[in-house]
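Hi everyone, thanks for making the time. Have a look at the sequence and the model on the screen, and I'll walk you through them.

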Amino acid sequence: EASSWITIIWNHKNGQSFFPIFEKRNRSWFAWIFILGNEEEAARWESSIKIRDAGNKSQLQFCGPVFPIDMKGTEVMEKMKCLALSDKQVDMMKSEEGIQDEEMERGFNSKIIITYDVKLIKE
């Protein structure tokens, strides 16, 4: 069982394009960031990914690499250089607050809040 979401195509102010990913594989969830670039370009950046509950009482954070767009997601997950969560951790962070009727009709009955950020590594 695998599901992937590119949450947004993010065009950074310096002109780079990033692709925040949130993927479920079996009973685990993974989050990381791809860059539209090669391995050399990806190595110039670091990522910060946070997941928090709606009440802002609990938070999990991962800081690590950004990956080139041509790397396979399975390779990212195998290296464990990304935010990794169990189903239980995701359930603990889910909220039903603020879900619109139209979202409920489309099968969305909860949400989690994930914040993705990147910064250029100082040379």
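Quick housekeeping. This is a predicted model, where local features need pLDDT of at least 70 and side-chain atom pairs count only at pLDDT 80 or more, while totals for chains, interfaces and linings use all residues. Residues are numbered from 1 along each chain as its sequence is written, and side-chain values use heavy atoms, with hydrogens and water left out.

Okay, the layout. We have 4 helices and 9 strands; these are DSSP runs, H or I of at least four residues for helices and E of at least two for strands, numbered from the N terminus. Going along from that end, you read β-β-β-β-α-β-β-β-α-β-α-α-β.

How about contacts, meaning heavy atoms within 4.5 Å? Take those between residues at least 6 apart in sequence: 52% of them join residues at least 24 apart.

Now let's go inside. Of the 123 residues, 36% are buried, which is under 20% relative accessible area, with exposed being over 50% and partly exposed in between (1.4 Å probe, protein chains only). A nonpolar core here is a set of buried Ala, Val, Leu, Ile, Met, Phe, Trp, Tyr and Cys residues joined through side-chain atoms within 4.5 Å. The largest one has 18 residues, and Phe18, Ile33, Val66, Leu83 and Leu85 have the most contacts inside it. Several elements supply at least two residues each, including β3 (17–25), β5 (45–52) and β9 (113–120). The top contributor is β4, with 4 residues. There's also a second, separate core of 10 residues, and among them are Ile21, Trp32, Met71 and Cys82.

Speaking of cysteines: Cys82 is buried at 4% relative accessibility, whereas Cys63 is exposed at 52%. If you count a disulfide as a pair of cysteine sulfur atoms within 2.5 Å, you get 0 of them.

Last stop, the backbone. Asn26 is partly exposed, at 48%. Met80, in the loop between α2 (73–79) and β8, also isn't a glycine and has a positive phi of about 55 degrees. Met80 is partly exposed too, at 45%.

Definitions and conventions:
Contact = heavy atoms within 4.5 Å.
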